[in-house]
Amino acid sequence: MRELKERILKDGRALSETVLKVDSFLNHQVDAKLMYNMGTYFKEYFKNHGITRILTIESSGIAPTAMTALQMELPMVTLKKQQSKILNGEVYQTTVHSFTKVMDYELTLSKKYINADDKVLIIDDFLANGEAALGAARLVEEAGATVAGIGIVIEKSFQVGRGKLEEKGYDVYSLARIGKLGENLIEFLD
Ligand code: 5GP
């Protein structure tokens, strides 16, 4: 997505060789028009995948996912990040490790908001090591539903996430793929 790549080059900041900060338009301040345009791209790519529901992970996945759900006219569900396990049988939960924050959290999905016959699109803001997306996919499959695709706003292609998702057979579509990060350096794959 050309508009996104130009915005990353203009406003993104590589904090290290692995972490990109995009606080001014995606993770803190949000450019709603850009989020809407992301929705157009996700809709175009996934329109023939038979998707019935879109899942994202709080909080930075919410804005682009809401815009996609709006354009695809589908329900959107936000997976919650909880610190400890809930043991009441009303939710699906799985532990996810965050390498960026060096912590574990429990990804939580209420059983009310997914059905076994759902074909689910998972959308997240970043793909790095793939732990968040794999956790979301585990919850979908625990519910008996199908992962119909994974949409990513910014993929850091030099990390192992895409490989892990493709190994599981998931169709991964990223709006921007970064090949290299460094001091004053952001390089895209294509
Ligand atoms: P993964 O689970 O693929 O290792 O990491 C994905 C999650 O970590 C995303 O949901 C995102 O919140 C966070 N993340 C990973 N890398 C970055 C990064 O370079 N910048 C920002 N802002 N978040 C990141």
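In this predicted model, the charged end of Lys5 is placed over the ring of Phe188, at 5.7 Å from the ring centre. A second contact of this kind involves Lys111, which lies over the face of Tyr92, 5.1 Å from the centre of that ring.

Aromatic rings also meet one another. Across the whole structure, a search finds 4 aromatic pairs. In one of them, the ring centres of Tyr45 and Phe46 are 4.8 Å apart and the planes stand at 80°, so this pair is edge-to-face. The two partners can be told apart by their accessibility: Tyr45 is partly exposed, with a relative accessible area of 33%, whereas Phe46, at 0%, counts as buried. Tyr45 has a further partner in Tyr173; here the ring centres are 4.1 Å apart and the planes lie at 0°, so the pair is stacked. Taken together, ring pairs join Phe42, Tyr45, Phe46 and Tyr173 into a cluster.

Attention now turns to helix H5, which covers residues 131-142. Its 12 residues reach 16 Å from the first C-alpha to the last, close to the 16 Å expected at 1.5 Å a residue. The buried residues of H5 are Ala133, Leu134, Gly135, Ala136, Ala137, Leu139 and Val140. In an α-helix there are 3.6 residues a turn, so residues three or four places apart point the same way. After H5 comes Gly144, which has a positive phi, near 85°.

H5 also takes part in the largest pocket, supplying at least two residues of its lining. That pocket holds about 830 Å³ of space and is lined by 33 residues. Lying nearest the pocket centre are Lys81, Ser98, Thr100, Lys101 and Asp125. Other elements that each supply at least two lining residues include helix H2 (23-27), strand E4 (76-82), strand E5 (91-98), strand E6 (103-110) and strand E8 (146-156). Strand E7 (119-127) is in this group as well, and E7 gives the most to the lining, with 4 residues. By residue type, the lining of the largest pocket comprises 13 nonpolar, 11 polar and 9 charged residues.

Definitions and conventions. Residues numbered from 1 in each chain as written. Predicted model: local features only at pLDDT ≥ 70, side-chain atom pairs only at ≥ 80, totals over all residues. Heavy atoms only, no water. Phe/Tyr/Trp six-rings, centres within 6.5 Å; stacked < 30°, edge-to-face > 60°. Buried < 20%, exposed > 50% of the residue type's maximum accessible area, 1.4 Å probe, protein only. Lys NZ or Arg CZ within 6 Å of the ring centre and 35° of its normal. Expected span 1.5 Å × (residues − 1). 1 Å grid on protein atoms, 1.4 Å probe; cavity = no way out; pocket = protein on both sides within 12 Å on 5 of 7 lines; lining within 4 Å. Points joined across faces, edges and corners; volume = space filled by probe spheres on them. Nonpolar A, V, L, I, M, F, W, Y, C, P; charged D, E, K, R; others polar.
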